[in-house]
Amino acid sequence: MNSSALILMVVTQLAVTVVTVYFFYRVLNTPSRPEPDSYTDNDPN
Amino acid sequence: MSTNQTESWGSRVGLILAMAGNAVGLGNFLRFPVQAVNNGGGAFIIPYLVCFLLMGIPLLWIEWSMGRFGGRSNNHSTPFILDSMSKKAFWKYFGVFGIFTNIAVASYYCYIESWTMSYVWHSLIGTFDGMTQVQVADFFSKYVDIDKSLTGIPYEAVVFYVLCLLLNTYILSRGLAGVEKAAKIGIPMLLIFGGFLAFRGLTLGTSGASAEVPGASAWDGLNFLWTPQYSSLSDPKVWLAAAGQIFFTLSVGMGTIHCYAAYVKSKDDVALNAVSAGFTNEFVEVVLGSSIVIPIAAGYLGLDWVKENAGFGMAFQTMPFLFEKWGPILSVVAGVMWFGLLFFAGITSSLAMGTPWMGFMRDEFGWGRLKGAWSFGGIVLMLGLPTVIFFEHGVFDEYDYWAGTVSLVVFALAESILFAWIFGIDKGWKELLSGSDLQVPMVYKFIIKYITPLMLLLVFLGALFTPVGNDWTGAFQSLFSGGGWSLDNASIFKTIANSGLHEQLAAATDPTEVARLKDRLFYTNFARILLCITFFGLALLVYVASVRRMRTSTPSTGLRNSNP
């Protein structure tokens with residue numbers, strides 16, 4: 001592969017992979033919210 | 001109509017995988033690399049990523065927010081989700097697109113999905129053993145010609161189509177839990193299969209060169225795909241292609257995301273979930289999708305062959321032949337993995353297409369999961385059989401164009417205007433941030449209000465006024481020099497008028513060709529009539545549902561918009 005193609009491929013694929021893993025890490029490590037405990041909490045507005 | 005609390009997602013990861021599964025489809029592996037090689041190679045990735053950030057992510061946030069907002073009022077399909085955001089009755093009828101598109105796309109998408117099922121089977125039983133490239137390509141042509149039987153099963157294409165539809169219907173009848181379970185199995189399997197094949201693609205190098213193609217090299221394919229041609233960045237065609245790819249790969253503008261998000265609990269996050277699902281799709285597309293078909297094909301058949309033949313057909317007409325070169329065992333493994341990953345990509349998307357209809361019928365007519373799922377299967381079967389039986393007459397292509405392309409753009413453009421300008425960007429922004437686990441940059445408020453609708457408008461106008469040969473630079477030069485604007489036969493205007501077919505008919509002299517073109521014209525109009533009947537049938541159901549709501553609404557609560 002030529003160097004410009006290789007650089008673009010590695011940088012793009014690495015960036016997309018890192019961001020995807022980061023967001024999944026955030027999803028897996030964010031504590032879940034407690035369920036609404038009153039009727040008011042379930043109201044639409 | 002049902003006012004009871006409906007089901008919700010079992011887990012956050014399950015929801016994200018289901019959303020990612022909805023987005024990840026065959027296009028991630030087949031459309032993206034072809035778009036890239038046809039639009040500037042590596043430079044394509046620049047407009048592609050810009051469009052992802054300025055149009056894709058905002059649309060995901062818009063649809064997730066709209067869905068959760070509608071879900072709070074127990075609305076799980078777009079007619080009444082849109083209705084809950086505006087006082088105009090127009091929007092609930094416009095929301096019909098969000099059910100219509102799913103039914104129409106599912107009817108032909110399940111056919112492609114059934115090909116992948118069938119090809120897994122054929123890979124396992126060794127159908128492609130010893131076949132030449134021409135024989136493998138011919139196998140596909142015979143497969144879609146339902147009069148011919150390849151394996152002794154009469155009407156094999158129809159049998160696999162019905163089997164595929166039955167599987168979809170069965171999973172849908174299990175409700176969200178069934179969809180979530182399918183995504184939890186399908187997406188990891190897809191990643192494993194895709195990872196294996198991508199590894200093969202990236203490490204094939206020159207080992208596939210043969211006496212027939214001595215210069216074949218996978219590196220040439222990767223070079224072709226990734227070498228940036230910066231001059232293409234100033235070509236509007238490339239930007240439109242990038243915007244189109246982002247649009248279709250994320251499955252926005254369909255109504256499925258709204259439906260899935262409507263089952264998110266009212267205080268749960270949508271911002272982080274949306275970008276997680278969106279980036280999972282990007283990972284599959286940019287990392288896996290670019291590393292399989294093009295490098296493997298170039299590695300065995302050479303770059304020149306790829307340049308001439310890059311397209312959707314490679315998946316079925318070329319890949320089985322290339323896998324045969326990996327030896328008797330690995331060819332079976334690779335065939336099962338390749339068509340298996342396409343199958344998982346397909347089924348996680350087609351399952352999503354069933355949920356808006358089921359949600360609508362449950363909300364408005366109290367239909368249970370079983371009734372909703374089997375009625376969906378029945379409608380898709382009726383609408384889809386013509387795509388199977390008259391595949392070669394263009395019914396499939398017609399569905400794909402109107403339901404799978406034009407409807408999506410129209411719906412996405414309208415919903416972005418509804419969200420940012422009618423519902424109001426301030427309310428919309430508040431809705432997006434409500435319960436958010438992600439700090440959304442403020443600049444996105446501006447992007448959602450101005451940039452995203454503008455980009456969608458450009459995509460729509462681009463499809464409406466596609467110039468001859470898709471040559472935008474030449475078309476603008478011609479316009480400003482007084483030469484006018486000549487529309488391409490692929491533009492929406494010319495497609496409506498069947499200009500391309502009429503031109504071919506006028507030029508044809510061979511009676512067989514004339515008969516074939518007349519047949520095609522007939523089936524094209526036949527397909528359009530079927531789509532119109534479906535759309536107006538759904539609009540009628542929405543009207544009936546509105547009347548029912550009006551009768552049962554209690555004016556004091558004001559929760560229901562009672563304008564039919």
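**View 1. Chain A of this predicted model, one residue set at a time**. Of the 45 residues that make up chain A, 16% count as buried. Its secondary structure is quickly told: chain A has one helix and zero strands.

**View 2. Where chain A touches chain B**. Chain A brings 21 residues to this contact, and chain B brings 27 residues. If you look at the side of chain A that touches chain B, you will find eleven nonpolar, eight polar and two charged residues.

**View 3. Helices α6 and α18 of chain B**. Here residues 97-125 form α6(B) and residues 328-365 form α18(B); the two axes come within 8 Å and cross at roughly 160°. Angles over 145 degrees count as roughly antiparallel, so that is the label for α6(B) relative to α18(B). Their crossing is left-handed. Sorted by class, the residues in the contact of α6(B) with α18(B) are 21 nonpolar, ten polar and one charged.

**View 4. Helices α1 and α9 of chain B**. The axes of α1(B), residues 12-23, and α9(B), residues 176-203, lie 8 Å apart, and the helices pack at an angle of about 75°. With 65 to 115 degrees counting as roughly perpendicular, α1(B) and α9(B) are therefore roughly perpendicular to each other. To find the meeting place, pick out Gly14(B), Leu17(B), Ala18(B), Ala20(B) and Gly21(B) on α1(B). Facing them in the contact, α9(B) supplies Val179(B), Glu180(B), Ala183(B), Lys184(B), Gly186(B) and Ile187(B). By class, this contact of α1(B) with α9(B) holds six nonpolar, three polar and two charged residues.

Technical notes
Residues are numbered from 1 along each chain as its sequence is written. Chains are lettered from A and ligands numbered from 1 in the order in which they are written. This is a predicted model: local features need pLDDT of at least 70, side-chain atom pairs count only at pLDDT 80 or more; totals for chains, interfaces and linings use all residues. Axes are lines fitted to C-alpha atoms, for helices over the stretch in contact, and angles run from 0 to 180 degrees between N-to-C directions. Helices (H or I, at least four residues) and strands (E, at least two) are DSSP runs, numbered from the N terminus. Angles under 35 degrees count as roughly parallel, over 145 as roughly antiparallel, 65 to 115 as roughly perpendicular and the rest as oblique. A crossing is left-handed if the near helix is turned anticlockwise from the far one by less than a right angle, and right-handed if clockwise. Ala, Val, Leu, Ile, Met, Phe, Trp, Tyr, Cys and Pro count as nonpolar, Asp, Glu, Lys and Arg as charged, and the others, Gly among them, as polar. Two residues are in contact if their C-beta atoms, placed from the backbone, lie within 7 Å. A residue is buried if 20 or more other C-beta atoms lie within 10 Å of its own, exposed if 12 or fewer, and partly exposed in between; C-beta atoms are placed from the backbone.
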